[in-house]
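These are my notebook entries on what I looked up in this model, set down in the order in which I went through the chain.

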Amino acid sequence: MRIIRNLVLFVILAAILVVGFFYFYKGNESTIQPTSKLSKDELILKGKYLARVGDCMACHTSDKGNFAGGVGLDSGTPVGLIYPSNITPDKETGIGNYSLQDFDNAFRYGIRKSGASLYPAMPYPSFASVSSEDVEALYAYFMHDVKPVNNVVPGPSGSWPFTMNWPINAWRLLFAPDVTSMVAFKEDADQLLRGAYLVEGLGHCGTCHTPRNDAMIQVAFANDKEGRFLSGGGSLEGWNAVNLRGNNMDGLGRVSQEDLVQLLKTGRNNQSAVFGPMAEVVEDSLQHLTDRDIAAIATYLKSLAPSTPDGAVYKYNPATQEALSQGRVDVPGALTFLNNCAGCHRTDGKGYAQTFPALAGNASIMNSNADSVISMILRGSQMPGTAGAPTRYAMLGFAWRLDDKEATDLVNFVRNSWGNSARPVTQEEVASIRKKFVTPEMLKWQQSASNDVVLPNEQ
């Protein structure tokens, strides 16, 4: 025990020494200077659009006001909940006293005006590739067009010593990518270049959709030859980020560019729909982007090679529909599907275009991480309301009527029917999602709302 204790103390001391060395090294802070030739109004308008691209409102807004500091984000660590900063120009509790350099230090370098490091829940590692002229535009918008709100944002909810800043300082200094002087490829630039700039930088898609290692470091910040970037990330609040590369089974390999554009812009297409946190991204951010920028994002995503070049290829199998049509429900989960799901998603698993997504060939269902499928069945979800598709179709969760075994069988049934192929889900996985995210209030609401559901007649 003494040897282990001494080893731990040695590691901690070594870390402190490393941090101490880097803490006093100031060469990684901003030296940004105003360079834009746009007028003040033009700069503000550009910054407002860029804030939509970055979906800043999603994390930094709560009932206190827009950008006044968001609802706590679960860090999944002993740090506990992390509360996004007040980024209104309030001089007491916001960024009203920030210079352009102070703003850039926080935005691209992860350093507060006080010198403390920001938690990487703020995606400054992705923002490191945003151009200086775009940072300048964002600064103009937040300082001159956002309403100041006086709101003190609490620190992390965890307990000492996990809330100390020096480990985050060490993480930033050792692992965050260098800030680049990337060119802000404009809307009239080559679509592939513009798409890469938006996805890798301000759009920070990799923050959720790219795997992380044991040190919680994103394994790639741009397209890499190993195919790790955007190959699917971990879970956020019980939803998993899907593979955005060209994989045939669990990626975008079978999605046409036109369908992808429609999905990004409206939240749905004839085959699928977005759900969970991605529904908020579409509603708050993507639907407001120009058609050219949406097309650029789709162009870039469709250019990404599969993460597993020799992976399986999806082929529809009608056996499931034939069995269900004949009343054969010997496969676990089949009867539960008939009783709860077939009315909307049909026995052929193809659903209804623009309304109820197809389950057959659904890449998110075949993802190795099944959290989203489990959450959808237990908790339900709602499509975003957009200008192109304003109806917010919703799926009610079934936690109120399905126990863990029934839900597990149903998850495995939809993941391995109609040609779908995915690893079996355990009952423990389902129980974990239920314990963390299904509340008594949710159960009561589900039971009440289910009485008002009218199912379509299957055709």
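I take a helix here to be a DSSP run of H or I that is at least four residues long, with numbering from the N terminus. The model is a predicted one, and I read every entry below with that in mind.

Entry on Asn 169. I looked up Asn 169 and found it in helix α7, which spans residues 166-175. Is Asn 169 buried or exposed? Its relative accessible area is 2%, and since buried means under 20%, Asn 169 is buried. I also noted that its side chain makes a polar contact with the side chain of Arg 172, at 2.9 Å.

Entry on helix α4. I found that helix α4, residues 100-109, is mostly covered, with 9 of its 10 residues buried. The buried residues are Leu 100, Asp 102, Phe 103, Asp 104, Asn 105, Ala 106, Phe 107, Arg 108 and Tyr 109. Which helices cover them? The cover includes α5 (124-127), α6 (132-144), α7 and α8, and α7 is the helix in which I had already placed Asn 169. Just after α4, I noted that Gly 110 takes a positive phi of about 75°.

Entry on α8 and α12. Two packed helices are described by the angle between their axes and the distance between the axes. For helix α8 (residues 191-202) and helix α12 (residues 291-302), I recorded axes that come within 7 Å and cross at roughly 90°, so α8 is roughly perpendicular to α12. On the α8 side the contact is made by Gln 191, Leu 192, Arg 194, Gly 195, Ala 196, Leu 198, Val 199 and Glu 200, and on the α12 side by Arg 292, Asp 293, Ala 295, Ala 296, Ile 297, Thr 299, Tyr 300 and Leu 301. Sorted by kind, the residues of this contact divide into 9 nonpolar, 3 polar and 4 charged.

Entry on helix α10. In helix α10, residues 257-266, I listed Leu 260, Leu 263, Leu 264, Lys 265 and Thr 266 as the buried residues. What covers them includes α11 (277-284) and α12. Gly 267 follows α10, and its phi is positive, near 90°.

Entry on the annotated site. Cys 341 lies in the loop between α14 (334-340) and α15 (342-345), and its 10% relative accessibility counts as buried. Leaving aside neighbours within four places in sequence, I found Cys 341 in contact with Thr 336, Arg 346 and Leu 410. His 345 has its place in helix α15 and is buried as well, with a relative accessible area of 12%. Not counting residues up to four places away in sequence, His 345 touches Lys 350, Gly 351, Phe 356, Pro 357 and Leu 359.

Entry on Asn 362. I found Asn 362 in the loop between α15 and α16 (371-379), where it is buried at a relative accessible area of 13%. A polar atom of its side chain lies 2.9 Å from the backbone oxygen of Ala 358.

Entry on the annotated domains. UniProt, again in an unreviewed entry, places the feature "domain: Cytochrome c" at residues 42-146, 190-305 and 328-418. Over residues 42-146 I noted 42% helix and 4% strand, with the end C-alpha atoms 15 Å apart, and over residues 190-305 I noted 40% helix and 3% strand, with the end C-alpha atoms 19 Å apart.

Note on methods. Residues numbered from 1 in each chain as written. Predicted model: local features only at pLDDT ≥ 70, side-chain atom pairs only at ≥ 80, totals over all residues. Heavy atoms only, no water. Helix = DSSP H or I, 4+ residues; strand = E, 2+ residues; numbered from the N terminus. Buried < 20%, exposed > 50% of the residue type's maximum accessible area, 1.4 Å probe, protein only. Polar contact = N/O pair within 3.5 Å; in protein donor to acceptor, adjacent residues only side chain to side chain. Axes fitted to C-alpha atoms, helices over the stretch in contact; angles between N-to-C directions. Parallel < 35°, antiparallel > 145°, perpendicular 65-115°, else oblique. Contact = heavy atoms within 4.5 Å. Nonpolar A, V, L, I, M, F, W, Y, C, P; charged D, E, K, R; others polar. UniProt positions renumbered as here; feature names shortened; annotations may be inferred.
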